[in-house]
Amino acid sequence: MDIWIFKAWISKVYDRAGKWLIDFEFGDHLSQTFKRLFKRLKKWKILFYFVDHWEGFNKIIPSNRLF
């Protein structure tokens, strides 16, 4: 019997006021995965990003918008 283990990262973006799911990205925990999502988010003109402490966010999101 073969056992497959796949580690995946799901990043979800919500509108905090309306609680709406704006977009999501599924993939590995690399900067390229988040870059695809971040590129799509530009059309929303998001002012602030509230994220966890993953170091990849610091490389992609401008520091004045990162919390």
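# Salt bridges, a core and a pocket

Biologist: Glutamate 55 and lysine 59 both sit in helix 2, 4 residues apart, about one turn of the helix. In the salt bridge that glutamate 55 forms with lysine 59, how far apart are the closest N and O atoms?

Modeller: Before we dig in, remember that this is a predicted model. Glutamate 55 is exposed, and lysine 59 is too. In their salt bridge, the gap between the closest N and O atoms is 4.0 Å.

Biologist: Which residues do salt bridges with shared partners join into one network?

Modeller: The structure holds 4 salt bridges. One of them is the pair of glutamate 55 and lysine 59. Through shared partners, salt bridges make one network out of Asp23, Glu25, Arg36 and Arg40.

Biologist: How many residues apart in sequence are the parts tied together by aspartate 23 and arginine 40?

Modeller: These two form a salt bridge, with their closest N and O atoms 2.8 Å apart. Aspartate 23 belongs to strand 2 and arginine 40 to helix 1, so the pair ties together parts whose separation in sequence is 17 residues.

Biologist: Is aspartate 23 buried or exposed?

Modeller: Its relative accessible area is 17%. The cut-off for buried is under 20%, so aspartate 23, at 17%, counts as buried.

Biologist: And arginine 40: what is its relative accessible area?

Modeller: Arginine 40 also meets glutamate 25 in a salt bridge, 2.8 Å from N to O. That pair links distant parts of the chain, helix 1 and strand 2, 15 residues apart. Glutamate 25 counts as buried at 9% relative accessibility, whereas arginine 40 is partly exposed, with a relative accessible area of 34%.

Biologist: What is the bridge partner of aspartate 15 in strand 2?

Modeller: Strand 1 and strand 2 run antiparallel, joined by 7 bridges. Their hairpin has 4 residues between the strands, and lysine 19 there takes a positive phi near 60°. For aspartate 15, the bridge partner in strand 2 is tryptophan 20.

Biologist: Which residues is isoleucine 61 in contact with, leaving aside neighbours within four places in sequence?

Modeller: With its sequence neighbours left aside, it contacts Phe34, Phe38, Tyr49, Val51 and Leu66.

Biologist: Last one: where does the largest share of the lining of the largest pocket come from?

Modeller: The largest pocket has a volume of about 510 Å³. It is lined by 20 residues, with Val13, Tyr14, Phe48, Tyr49 and Phe50 closest to its centre. Two or more lining residues come from strand 1 and also from helix 1. The largest share, 7 residues, comes from strand 1.

Technical notes: Residues are numbered from 1 along each chain as its sequence is written. This is a predicted model: local features need pLDDT of at least 70, side-chain atom pairs count only at pLDDT 80 or more; totals for chains, interfaces and linings use all residues. Side-chain values use heavy atoms; hydrogens and water are left out. Two strands pair if DSSP finds at least two bridges between them. Contact means heavy atoms within 4.5 Å. A salt bridge is a side-chain nitrogen of Lys or Arg within 4 Å of a carboxyl oxygen of Asp or Glu. Buried means under 20% relative accessible area, exposed over 50%, partly exposed in between (1.4 Å probe, protein chains only). On a 1 Å grid over the protein atoms alone, a cavity is a set of points where a 1.4 Å probe fits but cannot get out, and a pocket is an open set with protein on both sides within 12 Å along at least five of seven lines; lining residues have an atom within 4 Å of a point. Grid points are joined across faces, edges and corners, and a volume is the space filled by probe spheres set on the points.
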